Amino acid sequence: MPAFSLIEEVQQEHAFPVRWRGYDRRQVESLVARIWITVGQAESVPGLDRPVTRDELTGLGLYVVLGGYDMPAVDQALSEYLLMIT
């Protein structure tokens with residue numbers, strides 16, 4: 001599956017609300033795609049194939065931008081994904 005298709009799946013699955021100030025959408029979409037690959041929910045895609053670790057998720061510093069994803073919604077999703085990563 002091409003990276004673009006995987007990112008589209010992430011967008012459809014989560015449909016995070018967009019806010020005036022929020023997390024960078026591309027950064028969040030790439031991270032979730034990498035998480036899916038890490039936990040076996042998606043096939044590996046060049047450019048997104050570096051596994052996500054628990055340390056990476058707990059120490060994550062997402063960029064805050066204008067027109068980004070709702071921060072509490074993203075934080076909630078990432079905390080749920082954290083439970084899936086060993």
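Buried means under 20% relative accessible area, exposed means over 50%, and partly exposed lies in between, with a 1.4 Å probe and protein chains only. By that scale Arg19 is partly exposed, with a relative accessible area of 41%.

This is a predicted model, where local features need pLDDT of at least 70, side-chain atom pairs count only at pLDDT 80 or more, and totals for chains, interfaces and linings use all residues. Residues are numbered from 1 along each chain as its sequence is written, and side-chain values use heavy atoms, with hydrogens and water left out.

Start with the core. A nonpolar core is a set of buried Ala, Val, Leu, Ile, Met, Phe, Trp, Tyr and Cys residues joined through side-chain atoms within 4.5 Å. The largest one here has 25 residues. Leu6, Val28, Ile35, Leu57, Val74 and Leu78 have the most contacts inside it. Helix α2 gives the most, with seven residues. Helices (H or I, at least four residues) and strands (E, at least two) are DSSP runs, numbered from the N terminus.

Val74 shows how the parts meet. Contact means heavy atoms within 4.5 Å. Leaving aside neighbours within four places in sequence, Val74 is in contact with Phe16, Tyr23, Val28, Leu62 and Tyr69.

Two of those partners belong together. A search of the whole structure finds one aromatic pair. Rings of Phe, Tyr and Trp (its six-membered ring) pair if their centres lie within 6.5 Å; planes under 30 degrees apart count as stacked, over 60 as edge-to-face and the rest as tilted. The rings of Phe16 and Tyr69 have centres 5.3 Å apart and planes at 55 degrees, so this pair is tilted. Phe16 lies in the loop between α1 and β1 (18-23), and Tyr69 in the loop between β2 (64-66) and α4, so the pair ties together parts that are 53 residues apart in sequence. Phe16 counts as buried, at 10% relative accessibility. Tyr69 is buried too, at 8%.

Glu29 lies in helix α2 (residues 25-38). Glu29 is buried yet has no salt bridge. The nearest side chain of opposite charge, Arg25, is 6.0 Å away. For charge, Lys and Arg count as positive and Asp and Glu as negative; His and the chain ends are not counted.

Where are the salt bridges? A search of the whole structure finds three. Each is a side-chain nitrogen of Lys or Arg within 4 Å of a carboxyl oxygen of Asp or Glu. Arg19 and Asp70 meet in one of them (3.2 Å, N to O). Arg19 lies in strand β1 and Asp70 in the loop between β2 and α4, so the pair ties together parts that are 51 residues apart in sequence. Asp70 is buried, with a relative accessible area of 15%.

Glu56 forms a salt bridge with Arg34, the closest N and O atoms being 3.0 Å apart. Arg34 counts as buried at 8%, whereas Arg50 is exposed at 52%. Shared partners join Arg34, Arg50 and Glu56 into one network of salt bridges.
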